[in-house]
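Please keep the sequence and the structure in view while reading.

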Amino acid sequence: MRSWKKILFGLSISFIIIFIVAGAIFYNMLSSSLPAYQGIITSSKIISDIEIYRDSFAVPYIFAENDNDAAFALGYVHAQERLFTMDFIRRAGEGRLSEILGDEAVPFDNMFRTVGIKRNILRNYSRIDPSVISLLQSYSDGVNAYIEERKGNYSIEFDVLGYQPEKWKPLHSLIIIKMMAWELNMSWWTDLTFSELIQKLGEKKALEILPDYPENAPTIIADNFKYLSAINSSLVETDKAFRNFIGWTGTHIGSNNWVVNANKSTSGKPIIANDPHLAFSAPGKWFAATVNSKEGWKTSGVTLPGVPGIVIGKGENISWVLTNVMNDDADFYIEKLDSSDSKYFVDGQWRDLRIIKDTIKVKNGKDRVIEIKETHRGPIISDIHTFNFIYNTAESEFPPISMKWLGNEFSDEMLGFYKINKAKNWNQFREGVKYFGIPGQNFVYADTTGNIGYIMGARIPLRKKNNPTLVFDGTNTENDWQGYVPVEEIPVVLNPKENFITSANNKILKDFKYHISNLWEPSSRIDRIYELLNSKEKHSAEDFKKYQMDITSPYAKLITSHIVKAFEGIKINDNNLKTAIELLSEWDFNLKKQSQTPSIYVVTLKYLLHNIYYDELGDDLFNRFVFLANVPFRSLLRVLDKPESLIFDDISTAKTESKNEIIRKSLADALTFLEENLGKDLTNWQWGRLHTVTFKHAFSGNFSLLDKYINIGPYEIGGDGTTINNTEYPFSESIDKYPMFSHSEFENILGPSMRYIYDFAKPDQYYLILTTGQSGNVMSDNYRDQTPYWLQGKYMLIKTDESSIRKNKNLLLIKRK
């Protein structure tokens, strides 16, 4: 062999060896951050020894002598698997993301410092029940035990961002709860966006497209509304950017739950089910756990990392499940400030603003000093738009707007859940729910004695007017909250004659004398659930599994009837158009991923929204109108039932378009889109080619090769935002785009964050599945192991009896030091 070939061969071998060795070192370095599931650790912060068993899915089963030690153990296992997520959310709530992310996060820190989540928790801290503080301290001790134990050897995210986690405090768990409330609070979108709609379109045309406006009240709009200054959408845009940034990208923030009693159960006992719909991410939102304390805290289900307690699951004798109430828990007020911007005018006099100076520390940048102004209602939130802050644009001419948000008022959800976790019967459960204020939840219940029940767990503001959908005049206190709806008037149901209870973010009850919301979800999911629960006399847990995966849409049936009718009597020459009409006419409204008909329907729906609303609203307002998906869904049904409406006319053309002309144009536009993107052969238009789901890591979008490793997906998927198996895709385009959470046009970004089914006939086991896995560590076998089950409608079988638990070989013992 020639010498140069020998040299080249030797160098190649050397490079390969170096690459393999470097890869092995890097792999070992990453693997060293994996949590230990076996062994013995010690702590001086516990009272007695603790046992933590884990099964093959890394679900922990905690045995403790007392509740505080159980909380310690839960804090420890949360930190083992989800410390980065916990730290990221607490930083977001405190307004401290800029310390680790730099300038990019300054607008979000400004927003949350202005909103005041941390500030208001501290104001009310002394009012929190002492037992809760004690439990939170024990939980914090558990988190901190892990932080101290693994110092310098955390998951890779900390190394990439170049920082170490600080100690956990009880305050941080309370921030996590409030951040969940902020994610689930979508009601404030209506106030600002609907106000802009009326200002732009005028009262008459706006009322044609506002969904079910107003709620529980006559159609009355203040005479002086159109003379108020133009509405500033700063908070809307900044929060939209934050949701994109952190991954809260969906807006069908809802869920399904239902329960049947013995009369409708094949097992002769109640069966209860739940699937909360939240934005997708990797890792997912929930963490499964079982807690066994000899002081009576014996629960199993899903937890929220950062908070000690089972959020959804089962106790010794009961089970409870949740959906979002859609409570309108925020109001906005246009304020009048004096020339010094230090006073605001209300009820004929000037009052002092509360002015707070604060400093945002910025990684590799200059600290930002901000000034926060508060009225008696809450903070002024007008000037916190992303671009205003980053690019130092001129002072806006928009009026100052203050926000009253229920999340800044005192409520003790942690005490409520602690009591629910320990409840043994309906009365004890009801006692716990009454402490629950935000985010408003529909609690559906069952117990071992055969009871089924419902309680609305929410604090409902008392308002003088029953249609608070628009921004109020802040120069008087006429529209200030008058307190809250008395607990005894909160809706409650026990053992209804129908023998089942279900909720799917639908309107709670007719003619309730207090305003709850204008943001009910379209009735499609609840209609389908009713249809299934009434389809036969008795149901099983296996039936419930099928129901949770159901992708038939009553909403699609309604829209499709309008599409097909628009082509009656019309001569059609185009072959794809002719076939599309035939497919829609014969469709069963099942959005199967293998079918072409859902693609035709969904893309037509996209163009229907654009062709009906865009010319009237313009780019920005259109995107805000369709951002909260239930608004256009509900508005479209209302508009299509009024063929004479002028909203169908395209104001950018000389002629006056009719409803059917707009529908025909929308289907034609849809076929053009499908031909350009999937080819002219209609047999290749399967819905799954457009509609995929990817569970994205926080670092997603920065490097394509890395994405394949840290993201989970993409996978083809069926359904849409109106099916029981909610697979929402976005209608709006993001104005403030962030690569880590960018998405394709029909990408599924939100849906069942977990699925839970419990049959009381088998009290020591239940079915559960998460979207990704228990672990947030990308090196873990449990980072993505549940995703195939979730996609296929399969479940883990969680066994909660002691003998089954102790068969697990993974045992971590925490001994008192």
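## A salt bridge within one helix

K665 and D669 are four residues apart in helix α21, which covers residues 659-678, and they are therefore separated by about one helical turn. The two residues form a salt bridge in which the closest N and O atoms are 3.3 Å apart. K665 has a relative accessibility of 40% and counts as partly exposed. The model in which this pair is found is a predicted one.

Side chains of opposite charge can pair when their charged atoms come close. In the whole structure, a search finds 44 salt bridges. One of them joins E374 to R123, with 2.8 Å between the closest N and O atoms. These partners come from distant parts of the chain: E374 belongs to strand β14 (residues 368-374) and R123 to helix α5 (residues 117-123), 251 residues apart. R123, by contrast, is partly exposed, at a relative accessible area of 35%.

A further salt bridge is formed by the side chains of R463 and D331, at 2.9 Å from N to O. This pair also links distant parts of the chain, 132 residues apart: R463 is in the loop between β17 and β18 (472-473), and D331 is in strand β10 (residues 330-334). Both R463 and D331 are buried.

## A network of charged residues

Salt bridges can also be joined into a network. Here, such a network links D87, R90, R91, E94, R96, E99, K118 and E166.

Helix α2 (residues 67-94) packs against helix α8 (residues 170-184) at an angle of about 80 degrees, and their axes are 9 Å apart. Angles of 65 to 115 degrees count as roughly perpendicular, so α2 and α8 are roughly perpendicular to each other. Which residues make the contact between α2 and α8? On the α2 side they are M86, I89, R90, A92, G93 and E94, and on the α8 side H172, I175, I176 and M179. Sorted by class, this contact of α2 with α8 has six nonpolar, two polar and two charged residues. R90 and E94 of α2 take part in this contact, and R90 and E94 are also members of the salt-bridge network described above.

Strands of a sheet pair through backbone hydrogen bonds, either parallel or antiparallel. In this model, 11 strands form an open sheet with mixed pairing, in the order β1-β27-β2-β3-β6-β7-β8-β9-β16-β17-β19. At its edges are β1 (39-43) and β19 (492-494), each of which pairs on one side only. From one strand to the next, the twist averages 25 degrees.

Within this sheet, β16 (residues 441-447) and β17 (residues 452-457) pair in the antiparallel sense over six bridges. The residue of β17 that is the bridge partner of Y445 is G453.

## A buried serine

S635 is a residue of helix α20, which covers residues 630-640. With a relative accessible area of 0%, S635 is buried. What is S635 in contact with, leaving aside its neighbours within four places in sequence? The residues in contact with S635 are I209, P211, Y613 and F625.

Note on methods: Residues numbered from 1 in each chain as written. Predicted model: local features only at pLDDT ≥ 70, side-chain atom pairs only at ≥ 80, totals over all residues. Heavy atoms only, no water. Axes fitted to C-alpha atoms, helices over the stretch in contact; angles between N-to-C directions. Helix = DSSP H or I, 4+ residues; strand = E, 2+ residues; numbered from the N terminus. Parallel < 35°, antiparallel > 145°, perpendicular 65-115°, else oblique. Contact = heavy atoms within 4.5 Å. Nonpolar A, V, L, I, M, F, W, Y, C, P; charged D, E, K, R; others polar. Pairing = 2+ DSSP bridges. Salt bridge = Lys/Arg side-chain N within 4 Å of Asp/Glu carboxyl O. Buried < 20%, exposed > 50% of the residue type's maximum accessible area, 1.4 Å probe, protein only.
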